[in-house]
Every structure is written in structure tokens, then in C-alpha cells.
Amino acid sequence: RPGVLYKVSAEMVESAIKTKLKGTVVLVHDSSVSRWRRALGGYALVYGIRAAKGLEFKSVMVLGFFGELPVGIHKPWRELLLGHANDGYRNMYPEVEGHMKLLYTAVTRSIERLFFVETEGSVAGDAFVRWITTTSIARKKIREGTVAQTKTSTPLAPLASLNKVNDVESMTMTRDEWLASGMDNAEAAEVEEDMLAAESLWDKAIYCFREAEDHDLARKARTHRSSVRFQSKLPALERGGKLGMKVVEDAESEYRLLEVEGASVVESLLREGLVQEAKNVCVRLIPYMSEESVEHLHRKIIRRLGPSNNSIEAK
């Protein structure tokens with residue numbers, strides 16, 4: 001059964017995920033990822049719910065979901081959970097269905113353990129905690145008339161249990177589980193087109209590989225992350241001498257700095273055997289290079305690299 005931790009401080013949550021619940025993935029509203037990561041002492045495994053779609057984790061904590069819902073939607077959530085929603089409910093509050101789908105996404109990321117955690121009380125949060133800790137499958141079926149209620153029926157446990165942080169059982173992640181989690185994050189990062197999202201996934205992969213004490217994979221992931229960070233700078237610099245909104249007096253010097261930094265990144269990638277990523281960086285650099293440098297790049301590096309496996313698994 002899922003566990004519920006209600007009105008617990010962020011400090012207590014931080015302590016739990018760094019000790020007895022170490023390795024638990026924290027899922028929050030996507031707009032709150034940075035805030036929660038800071039509140040939890042820089043904990044690496046904080047994901048936005050939408051960003052985590054498609055991934056699965058051994059242990060998941062859904063944090064602050066109800067408390068961070070728009071204020072105007074709390075009472076409609078309470079009416080729904082209390083069973084008071086009428087026929088026109090869906091048309092009156094269409095956003096609730098979107099929230100339910102988001103919650104479904106969060107819940108189904110969990111493989112073994114699931115926790116609902118709220119650090120503050122709220123109208124929607126109060127109703128949810130009351131509903132999930134007092135409702136059982138049998139009671140729901142009885143209300144719907146699909147199961148006959150008898151005096152001898154054994155009452156079933158509610159859907160979730162209300163816990164105290166100190167009573168939560170400790171969880172242990174094996175080395176293989178840390179490695180698997182790291183690989184999942186690395187694979188997601190490799191196909192992620194958004195640079196900030198990719199960097200965040202590499203952060204998580206590095207954390208998992210460190211916990212698994214696989215220094216080779218951690219180093220490869222750090223190199224990949226350096227590549228992502230470098231490439232995230234490139235769109236800001238445009239031909240014509242502009243760096244964002246700042247006019248650059250000597251654009252060619254800026255391009256030269258990019259070439260030097262890019263060369264260092266490519267060298268690191270090749271050293272780790274990340275050939276395709278090295279080629280990608282070279283191609284991304286071309287708009288910022290002189291014609292002579294571009295020709296040299298094609299002749300000495302890009303043509304020689306050719307197609308190659310870019311997976312972090314390649315050692």
C-alpha cells in the first residue's frame with residue numbers, strides 16, 4: 001500500500017530521502033522542480049512529473065501535488081473526493097481531469113513503493129488524505145452495488161496508510177538498481193532535445209553512478225554533461241556580433257573562444273569513446289567558425305569519425 005506523510009516539514013522529507021529512503025525519486029509539479037531541489041538540500045533525484053513520463057523507479061514520492069494546485073480548484077477537488085460531484089462537474093471544472101491524468105502519470109512511475117507527501121495542509125490535500133486513508137476497494141464496490149455487504153465480511157485495509165516519518169521502513173538500493181537507474185537517466189538524456197532538461201537528466205545519472213561506485217560511467221556521464229552545457233551556449237551567439245542582447249565589439253574573438261572550448265569538449269568526448277557526441281559538437285560548432293577552420297574540421301575530424309555508437313554503455 002502507498003504511504004501518506006501529511007504536514008511534514010521539508011527538513012524531515014530531506015532527512016528521510018537522504019537516509020532511510022535514499023534512492024527514492026521525488027516527483028513534483030514541473031514548474032516547482034528547482035524550488036523543491038533547493039528545499040531538499042540539492043537532492044539530485046527531483047523530477048517534474050511530465051519530465052518523468054516514460055521512466056519507472058523502484059520508489060517514488062509524490063511531493064506537494066495537492067498543496068500546489070491552483071487555489072480556485074481546491075474545493076472542486078474536495079467535492080470530487082467526497083463523492084459530491086454532480087452530472088455537470090466535468091464541464092464546470094475541466095482542469096480537474098488534467099490534474100487527475102497528471103497524478104496518474106506520477107503514481108504509475110512507481111514499481112515497488114509509493115508515498116504521497118504534503119508539507120502543508122490544504123483543502124484539496126485534506127480531502128485526499130481523508131479519502132485515501134479511509135477508503136478500501138471493498139467499500140467502493142459496496143457503494144456501487146457490485147459486492148454484497150455481510151456481517152461476516154472482513155473489513156479490508158484502506159488504500160493507503162497514514163505514516164509518521166520515523167515509522168517508515170528503510171529502503172535499500174542495490175548496486176545493480178543504482179546502475180539501472182543511472183542508465184535509464186542517461187538514455188533519456190541522450191534523446192532529450194531540450195538542453196536544460198538533458199543536463200538535469202545527466203545530473204541524475206551521475207548521482208546514480210556515484211552511488212553505484214561505478215567511476216567509469218560517472219566520468220562518461222560528466223563528460224556528456226559538459227558537452228550539453230557547452231552546446232547550450234551556442235544558440236545565444238549569432239553571426240553579426242551579438243551575444244544575446246549584448247553587442248560584442250569583436251565577434252571573431254568570441255568565435256575563437258568557442259572554437260577553443262569546443263575543441264576541449266571534443267577531445268574529452270573522444271577520450272571517453274563518445275564518438276557520435278563528439279561529431280555532434282563539431283557540427284554544432286560550424287556556424288561559429290571561420291571557413292578555414294570549418295574545412296580543417298571536416299578534413300581532420302568529421303569525415304574520419306563517421307557513424308558510431310554514442311551510448312554511454314560503450315566503454
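The paragraphs below take these parts one by one. This is a predicted model, in which local features need pLDDT of at least 70 and side-chain atom pairs count only at pLDDT 80 or more, while totals for chains, interfaces and linings use all residues. Residues are numbered from 1 along each chain as its sequence is written, and side-chain values use heavy atoms, with hydrogens and water left out.

Strand β4 covers residues 57-63 and contains Ser 59; strands (E, at least two residues) and helices (H or I, at least four) are DSSP runs, numbered from the N terminus. Ser 59 has a relative accessible area of 1% and is buried, a term for under 20% (1.4 Å probe, protein chains only). Beyond four places in sequence, Ser 59 touches Gly 23, Thr 24, Val 25, Arg 113, Phe 115 and Met 171, where contact means heavy atoms within 4.5 Å. Ser 59 and Gly 23 are 36 residues apart along the chain, yet their C-alpha atoms are separated by 7.3 Å.

Helix α9 runs over residues 195-211. Among its buried residues are Leu 201, Trp 202 and Ile 206. The cover over the buried residues of α9 includes α2 (33-39), β3 (46-48), α8 (175-191) and α10 (215-233). After α9 comes Glu 213, with a positive phi near 60 degrees.

The largest nonpolar core has 73 residues, of which Val 26, Leu 40 and Tyr 47 touch the most other members. Helix α9 gives the most to this core, with 8 residues. A nonpolar core is a set of buried Ala, Val, Leu, Ile, Met, Phe, Trp, Tyr and Cys residues joined through side-chain atoms within 4.5 Å.

Definitions and conventions. Buried means under 20% relative accessible area, exposed over 50%, partly exposed in between (1.4 Å probe, protein chains only). The expected span of a helix is 1.5 Å times one less than its number of residues.
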